[in-house]
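I opened the model today to look up a few side-chain contacts. My notes are below the structure.

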Amino acid sequence: WGSPSSSKVDQERELAALQAERSSASSQSRSVRQANDEPPERDLFIPIFALVSLAGLFGSYGYEMLRLYSRGELYLPWDQ
């Protein structure tokens with residue numbers, strides 16, 4: 001099957017070839033990313049959470065205003 005020294009040389013050659021292939025692939029992907037000028041993907045959790053929270057806040061405020069108005073319990077200073 002071969003002497004230990006020849007298999008070690010073959011392993012070193014294969015490792016060098018794989019490293020060269022990997023470095024060329026990463027540089028190509030970097031250049032493709034830069035050519036497209038696409039911004040990185042962003043997480044939308046915080047803006048969605050903020051909008052849903054504000055909708056809930058103003059919705060509950062509006063509901064309470066309508067509920068109090070319908071029962072005649074809404075205090076409006078200009079109605080006195």
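These entries cover salt bridges, aromatic rings and a surface patch.

I noted first that this is a predicted model.

**Salt bridges.** I searched for charged pairs and found three salt bridges. In one, Arg 13 pairs with Asp 10, with the closest N and O atoms 3.6 Å apart. Both sit in helix H1, three residues apart, about one helical turn. Arg 13 is exposed, at 57% relative accessibility. Asp 10 is partly exposed, at 42%.

Next I looked at Glu 64 and Arg 67, whose side chains meet at 2.8 Å, N to O. These two are three residues apart in helix H2, again about one helical turn. Glu 64 is partly exposed at 32%, and Arg 67 is partly exposed at 27%.

I then turned to Glu 73, which bridges to Arg 71 with the closest N and O atoms 3.8 Å apart. Glu 73 is partly exposed at 48%. Arg 71 reaches 54%, so I logged Arg 71 as exposed.

**Aromatic rings.** How many aromatic pairs does the whole structure hold? My search returned one. The ring centres of Phe 45 and Phe 49 are 5.7 Å apart and the planes meet at 25°, so I recorded the pair as stacked. Both residues lie in helix H2, four residues apart, about one turn. Phe 45 and Phe 49 are both exposed.

**Surface patch.** I found a nonpolar patch made of Leu 44, Ile 48 and Val 52. Together they give about 300 Å² of accessible area. Leu 44 lies in the loop between helix H1 (4-36) and helix H2 (45-71). Its relative accessible area is 53%, so Leu 44 counts as exposed.

Methods
Residues numbered from 1 in each chain as written. Predicted model: local features only at pLDDT ≥ 70, side-chain atom pairs only at ≥ 80, totals over all residues. Heavy atoms only, no water. Patch = residues over 30% accessible without salt bridge, like charges linked within 9 Å, V, L, I, M, F, W, Y side chains within 5 Å. Areas by Shrake-Rupley, 256 points an atom, 1.4 Å probe, with all protein chains shown as cover. Salt bridge = Lys/Arg side-chain N within 4 Å of Asp/Glu carboxyl O. Buried < 20%, exposed > 50% of the residue type's maximum accessible area, 1.4 Å probe, protein only. Phe/Tyr/Trp six-rings, centres within 6.5 Å; stacked < 30°, edge-to-face > 60°.
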